[in-house]
Each structure stands twice: as structure tokens, then as C-alpha cells.
Amino acid sequence: MPRPSKKRLTSAFNQSGVTAGISNRTLTRRLLSLAWRFRMGCLRVLMLQLVLLTLGLSGLSLTGVAIDFLYAQVMPGARAPHWPFGWSPPARWSPMLVLLALAVGVFGLALARGVLNYLFTVKSTRLVETDVVAALRADVYAKLQRLSFRFFDANASGTIINRVTGDTRAIGNFIQQVLLQGVITALSLIVYLVYMLSIHPWLTVACLATTPLLWWTSLIFSRQVHPAYLRNRDLVDDMILKLAETVQGIQVVKGFAREPEEIARFAAANRAVRDQQQNIFWKVSLFTPTVSFFTQVNLTVLLLYGGWLVIHDQLALGTGLVVLAGLLQQFSGQVANMAGLANTAQQSLAGAQRVFEVLDAPVEIQNRPAPRRVPRARGAVQCEHVSFAYERDEPVLEDIHCDIAAGQCVAILGATGAGKSTLLSLVPRFYDPTRGCVRVDSVDVRELDLDDLRRNIGLVFQESFLFSNTVAANIAFGHPDASREQIERAAQIAAADEFIREMPGGYDAVLREGGANLSGGQRQRLAIARAVLVDPPILLLDDPTAAVDPHTEQEILGAIENAMRGRTTFMVTHRLSTLQRANLVLVLDHGRIVQMGTPQELMNRPGLYRQTAELQFAAGRGM
């Protein structure tokens, strides 16, 4: 039966609890745990910010002192300024010299802040980009390598790519723009509040009366935008998927003159992302001016109440009203930053949820405790009443039972969706059977070391993937330490040596993406060479001649015959020329073995094998 759609698999995947929604509290706790891994870097950044905060307050205080000093000079009888740290200028200093000293102090503090701001930017950016994001990206990629095929069946490639790139970056933003900036904001608010209360408690309370409204507004905003950001991530995934599909299938698009339709399809996905972002921006745009309005109300209270206090000589002009105005603006600015923090936090939480879904996904196919090592298998394969289903109650294979001796060549024949490729995928444990077991040399493959098992199996797919690397590197992919002599020997067995040497650069020629500069037959022969190089006792061939012409088919079959010698071989095929090379043929129908025997035996029985042979003879494609 056909493989299930990604939509249906994703539904089943979600129902299993792997991608179930994670609460914001849990996400935040896990993000804090992640930040703890980089606590020393975070601490250094916070210490720099604390010094910057101190320098900023010192500069503001000196400015207030300078204003009070000037006010005392032009208004005889005005109160003398309160000099910081118990210091006061010598009596012999002229007013201009005092102002010069104060100006130099303010300039020096500003210069120091500039230098430290540069260091702060460098340190915080390096912490996030070099440490956090790079490490997290590596963790997600490493986890993807260990996940079973079921995960990749359930998630589109665009979604996975977006999680490794965009979503990990969103977590970096949480560390930098939410966690660190949040701690900095909290420290700043506390310091500003204490400083303002020390100047005039009641004026401070009056100016900050609207702060609870700000907190309430931020809470409402946070609850509203989080689902919107999750939806936005899904829409971006869909847009990336459409882009990737068009790039990968550009020959099909152009061949059928479907460029206008594909442009319209991508435009619709792009428009959906844009509209969703506009909805988020509308909420952000409404929230930000609301915060700004509350801060302006605070300044209005300061000017009215604070001005009255200055007029009645209950508050100094410079170190009182001016410094309070500066502190209130800084305080209001930090509160306003909460809008940005809340916005970034929701983006980060949406991205974090998707990253943790990958990191939390169960590794279904893994070693049992103390697995059995198998450096070199003999190659006997047994299927004992094997059944398998991608989804519950929809079996793909049912009660498969066969015993293949080491060195045998087994052909698997069946209609599309009969379960042929699925049966092959159970041998290297890409999936585990729902019932029954697959054995290699009489040992359940689930008891064997997974790496050992797969090193004993060579694979050639119907569409063999080649990497953007040299020919030699592609052949040696499964055996990177192979010598050039071993690589060339594998190519000779696969009948690939001749055309490789004719290429500019030979074995050092760099292939284009997916081997686009090779013919289908050449790609298949490189894939056979790649499988042969690891010298596997078991060889799995998933219809390797399905998409090639008869001449190329004969070339590939010649390479396959060389590769099969001394190995247990399973071939999925519908071509009679290939079937007749087998010692045993398994005929599958709707996931069951309906016929089994040698090609000669099956030719004498009514059934799919004889029908296939007769049709191909009639078409002139027999031997």
C-alpha cells in the first residue's frame, strides 16, 4: 500500500505526544537551563552592563551637580550643590575651573561608557552567535542524525531546515534580547527606583502611579501574540517548502510550462506570511504607543508636582528635578523596552517550542543496552512472521515469512504500494516491525549494534543521492579512510572506472548538487561503487534500473552482477532481465507474500510473475 501522507503522519506524530504543546513556563525553564550552560559568558556580559549602569548614573549625577552649581552662581542665596563622594572643589578654584572639572568628569564617564558599550556589544554578540546558537544548531543537527525515518516522514524538509536555522536563532534572541536584557532591565529599574526614592519618595510614587497599568498591558499583549507567532512559524515553513520543491523540481516545472502557476502558488504562501506578520505588527504597533503614553503621563506629573517642589525650595533643581527627570526617562525607557522584550519573548518561545520538539523527539531506532557486536556477518536473513504499519490499523506488510541463506540473490516483485521498499527498509532497521522480527545470522536485528548492522549492509536506491563533493569522496562516503586503490577497485566492480577517468579531473572531479553533471546510469554505478566499497555481506538494491533506458540497464546489471558475487542480495525490481538473475523470487501483493520460488518455478505457475514475464515478452523486452 502507498506510503502515508506527511499530513497524516504528522497528525499521528502529534497524537503520540512528541510535538504536543509545551507550556510557556516549561519553555522558559528549559531556556534558562540552556543559558546556565553558558553562565560564565552571561555573567561577564551582565557585569559589563552593571558597570555601564553605574557610569551612566554617575554622569547624570555630575550633570545635576553642575546645574545646581550654575544655579547657585546666578541666584545668590540659592542652596549650594551637594557634592558627590564628600568631595568639594578647593575654595581658590574659579567658577569656570569648577565647571571645567565637572565637564571633564562627564566627558570622561561618557568616553568610558563608549568603550564599555563596544565591549558589551562584542561580548554579547559573541556569546549568542559563537556559543549559544552554534552549539544549539549542532545539537539539533546531531539529534536529527539519530532520529528514525518516521520523524522525517512526518516533517517536511522545509520545516526541518527552518528549525535548524531560524528557530535556533530565535533561541539565541531569547538569551540576548530577553534573558540578558531582561536581567539588565530589572537591575536598572531597581537601581533607578531606589535612586528616585532617595531624592523624593512621594514625587517618585506619584510619577510611577501608572506602572501597574503597564504591567497589565504587557501581560495582555503577551497572551495575545504567542499563538500568532506559532502560526507565523508554520506559514514560513510552508513558504520554504514551496520554494524547496520548486527548486528541486525546476525541470518538471519548466517542462510542463507551469512557471506562472508556481509563481502564483509561492506568491500565495508569501502573502499568507505577510498578512500574518501584519496582524502581529498591528498588535505591536498598538502596544508600543500605549506604553509611550503612560510614560509621558509620568513626565507630566513630574513637571507639575516636581516644579511646584522646586518653586517652594523643597527640591533642588539639578540634583533633584533634573536628575529625577533623567532617571524617570531612563525608567520609562526600560519599562517601554518591556514591549520589545515581550514581543521578542513570544517569538523566541514559539521558536524554542519547535526546537525542543526536535530535541525531545524519541529516538525510536537505537541500540538496546549491551548490544551484540557483529564485525562481519555471514549474510543469512530471516523474516519471521513480520508485519509493519506506518499508521495504526493500516498495515503495509502482513505475516512476511522467509528464510534467505547467505549468498543468495532474492528478487522482490510486486505492484506499486505492495510493500517492497518497506520490506527492504526493515533489514537495516530504518524501521522496526510492528510484529514479528527480522534476523541476520539467526539474531534479531534489534539485539545487534546498530552501527555494526548497517556497516554490514550496502544500499543502492532507485534514485541514488550524490553529494556536492569529488567523485572519490562520494564513493568513499561509507568508508572515508579508504585508499585511492580501494576506491578505484570499487569503481571497477561497479563498471564506473572508465567514465570516471574520462571526466575532467577524474576521481577528483567535483560533482554538482545531486550529481547533476552525470547521467542516471552513471549516478547509479557510483552508488553501486559506494555500496561495494564497504564490502558488505548483504546488498539491498531498491529498483536501481527503474528509471534508465535498456542500454543503460544492461550496464547497471553488469555492475550489479559484479557487486553481487559472494553477497546476500535483495533486489526490488519489475524487469524480467533482472528477475531472472535471482535464485529466489518473492511476489508481494498488498503486503503479503503470494508467491515464492525460483524464476523457472514461478514461470510455470499462474500469477503476477508469469503475467509480468508475458507482458514484457510481448513488448519485446524479454531476454
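Author: Contact means that heavy atoms lie within 4.5 Å, and in this sense Gln276, leaving aside its neighbours within four places in sequence, is in contact with Ala228, Arg231, Asn232 and Leu235. This is a predicted model, in which local features need pLDDT of at least 70 and side-chain atom pairs count only at pLDDT 80 or more, while totals for chains, interfaces and linings use all residues. Residues are numbered from 1 along each chain as its sequence is written, and side-chain values use heavy atoms, with hydrogens and water left out.

Reader: Where does Gln276 lie, and why does Gln276 count as buried?

Author: Gln276 lies in helix α10 (residues 259-311), where helices (H or I, at least four residues) and strands (E, at least two) are DSSP runs numbered from the N terminus. Buried means under 20% relative accessible area, exposed over 50%, and partly exposed in between, with a 1.4 Å probe and protein chains only. Gln276 has 14% relative accessibility, and therefore counts as buried.

Reader: What makes Asp399 partly exposed, and which residues does Asp399 touch?

Author: Asp399, found in strand β2 (residues 394-404), has 41% relative accessibility, so it counts as partly exposed. Not counting residues up to four places away in sequence, Asp399 touches His385, Val386, Ser387 and Arg592. Asp399 and Val194 are 205 residues apart in sequence, and their C-alpha atoms are 76 Å apart in space.

Reader: Why is helix α3 called roughly antiparallel to helix α4?

Author: The axes of α3 (residues 39-74) and α4 (residues 95-146) come within 9 Å and cross at roughly 160°; axes are lines fitted to C-alpha atoms, for helices over the stretch in contact, and angles run from 0 to 180 degrees between N-to-C directions. Angles under 35 degrees count as roughly parallel, over 145 as roughly antiparallel, 65 to 115 as roughly perpendicular and the rest as oblique, and the angle therefore makes α3 roughly antiparallel to α4.

Reader: What is the handedness of the crossing of α3 with α4, and what is that of α4 with α6?

Author: A crossing is left-handed if the near helix is turned anticlockwise from the far one by less than a right angle, and right-handed if clockwise. The crossing of α3 with α4 is left-handed, and that of α4 with α6 is right-handed. Helices α4 and α6 (residues 157-199) pack at an angle of about 145°, with their axes 9 Å apart. Among the residues that make this contact are Phe120 and Leu144 of α4 and Ile160 and Gly172 of α6.

Reader: How do you know that β6 and β10 are edge strands?

Author: Two strands pair if DSSP finds at least two bridges between them. Six strands form an open sheet in the order β6-β7-β8-β3-β9-β10, with mixed pairing, and the edge strands β6 (457-460) and β10 (592-597) each pair on one side only. Strands β6 and β7 pair in the parallel sense over four bridges, with Gly458 opposite Leu539 in β7. Five bridges join β7 to strand β8 (residues 568-572), which also run parallel, and the bridge partner of Ile538 in β8 is Thr568.

Reader: What makes β7 mostly covered?

Author: Five of the five residues of β7 are buried. Ile538, Leu540 and Asp542 point one way from β7, and Leu539 and Leu541 the other way.
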